[in-house]
Amino acid sequence: MPQRVVVIGGGICGLATAHRLAREGMAVTLIEASDQLGGLGTFFTSRGRTVERFYHCVMPTDDALLALLDEVGLRESVGWSPTSMGMVVEREHRSFNSALDLLRFRPLSFANRIRFGVVSLLLRRLGKGKDLDGMRTEDWLRGLYGDRIWEMLLAPMFGAKFGAAFGDVPALYVWQRLGRESNEAVRGYPAGGYKSVIDALRASTEAHGGEVRVSAPAERLQADEDRVVVTLAGGETIEADHAVSTLPLPALRAIADPGLAPLLPDVQLPYQGVVNTLFFLRKPLSGHYWAPVLRSGTDFDGVIEMTPLTGSERYGDRHLVYVMHYTDRESALYREDSDSIARRWTEQLLSIHKGLTPDDVDEVHVFKAPFVEPVYPLGYLTKRPAVEVAGTRLLLATTAHVYPNVTSWNSSVELSGSVTASLLRDARRSTTQENTACSAESAR
């Protein structure tokens with residue numbers, strides 16, 4: 001009889017885990033609290049087309065994600081396009097890709113432009129062999145680039161991701177990020193959007209006998225060395241041999257029963273959420289996929305133009321733009337009414353794009369997510385929790401476990417692979433022990 005596994009959380013990590021365990025013959029039940037699968041890959045419909053609430057792309061270096069797409073027959077659906085980076089500084093737009101762009105970047109002195117280019121070119125090499133996990137990002141980057149470059153560019157650019165705590169984040173995180181991204185790069189996007197990936201993983205899980213349930217929030221989780229029991233809203237219980245939780249650690253602690261709670265990792269991580277506003281425009285902006293916005297009178301810190309990557313036909317010949325600000329879920333901005341944010345951010349977008357008028361704005365949508373990324377402390381490699389919860393049959397696969405990799409679909413899929421392999425080893429060991437015990441009993 002196959003061992004039963006319950007996967008808690010239907011984001012990409014949970015979906016990849018359920019898909020792979022079901023293929024291995026385990027009896028899988030995936031439960032998702034909301035009415036949609038996908039986590040940050042959830043979507044809404046506009047003009048009959050599905051659109052991601054939060055921006056995503058595939059990088060050529062996303063080996064784990066590309067391998068997963070191959071497993072469900074979607075790797076060839078990824079279309080690849082060259083993309084570029086811009087920069088908005090004091091409401092002035094600049095290209096920021098080539099050496100010539102840098103030489104023309106007048107917010108920095110000529111000497112600092114040269115320093116920026118040389119250090120950026122060597123940064124990956126300069127980080128090798130150093131204890132970047134124990135070094136503050138500000139100390140490392142300020143020392144390499146100097147005060148002016150740190151204060152004018154780097155602190156606001158990277159600080160947009162982590163807020164005021166950015167300078168204290170381990171430099172290792174930034175160093176890893178540079179290995180995945182670059183100013184000018186080829187990026188990919190699935191032809192059917194990210195919904196096609198979610199649908200394919202669900203279909204694979206169900207085709208191999210698994211069950212996928214949405215609108216099924218877990219209210220209580222019990223786990224010991226013999227079994228796990230998940231209690232859903234309404235009182236229904238699911239008993240299983242193993243469980244994999246992809247919930248952020250604060251959300252997991254909220255449902256753990258008194259016996260499980262003391263066994264969970266005691267690392268207390270603050271999390272950054274995001275406020276993300278999506279615009280459908282009747283005309284393009286700069287044509288840059290990514291443009292940080294610095295000292296320009298906006299609440300948002302960056303602009304993502306999806307049309308250079310996906311084309312405008314996908315959105316009814318409109319141009320899709322995301323603007324965002326990463327913030328704590330308790331902040332005033334996060335708690336602010338979405339309609340108010342939409343009005344103010346529309347005005348701010350118009351203010352930094354002089355050729356854009358209110359008539360060019362076709363639709364505006366505001367979406368928020370409370371747990372996007374942990375703010376990692378110094379020395380986190382030694383504090384990072386194990387995926388196994390000792391004394392239980394519960395495994396964890398969360399953003400707290402992907403460090404030092406960048407939080408992304410690729411990192412989540414990679415983590416899913418290691419957690420799945422660990423669970424399968426444990427399950428096979430348990431099956432072998434049970435079979436041995438049965439054989440011994442029969443021999444008597």
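**A hairpin and a bent helix**

Biologist: What do S3 and S4 form, and how many residues sit between them?
Modeller: S3 and S4 form a hairpin, with two residues between them. Arg47 in the turn has a positive phi of about 55 degrees. Strands here are DSSP runs (E, at least two residues), and helices are runs of H or I of at least four, numbered from the N terminus.

Biologist: Where does this come from?
Modeller: This is a predicted model, with local features needing pLDDT of at least 70 and side-chain atom pairs pLDDT 80 or more, while totals for chains, interfaces and linings use all residues. Residues are numbered from 1 along each chain as its sequence is written, and side-chain values use heavy atoms, without hydrogens or water.

Biologist: In which sense do S3 and S4 pair?
Modeller: Antiparallel, over four bridges; pairing needs at least two DSSP bridges. S3 covers residues 43–46 and S4 covers 49–52. Phe43 stands opposite Glu52 in S4.

Biologist: Switching to H4. How many residues does H4 have?
Modeller: H4 has 18. From first C-alpha to last, H4 reaches 25 Å, close to the expected 26 Å (1.5 Å times one less than its number of residues).

Biologist: Where does H4 bend?
Modeller: At Leu121, by about 45 degrees (the angle between axes fitted to the seven residues ending there and the seven starting there).

Biologist: Which residues of H4 are buried?
Modeller: Asn112, Arg113, Phe116, Val119, Leu123 and Gly127. Buried means under 20% relative accessible area, exposed over 50%, partly exposed in between (1.4 Å probe, protein chains only).

Biologist: And what comes just after H4?
Modeller: Gly129, with a positive phi of about 80 degrees.

Biologist: Why does Leu103 count as partly exposed?
Modeller: Because its relative accessibility is 39%. Leu103 lies in helix H3.
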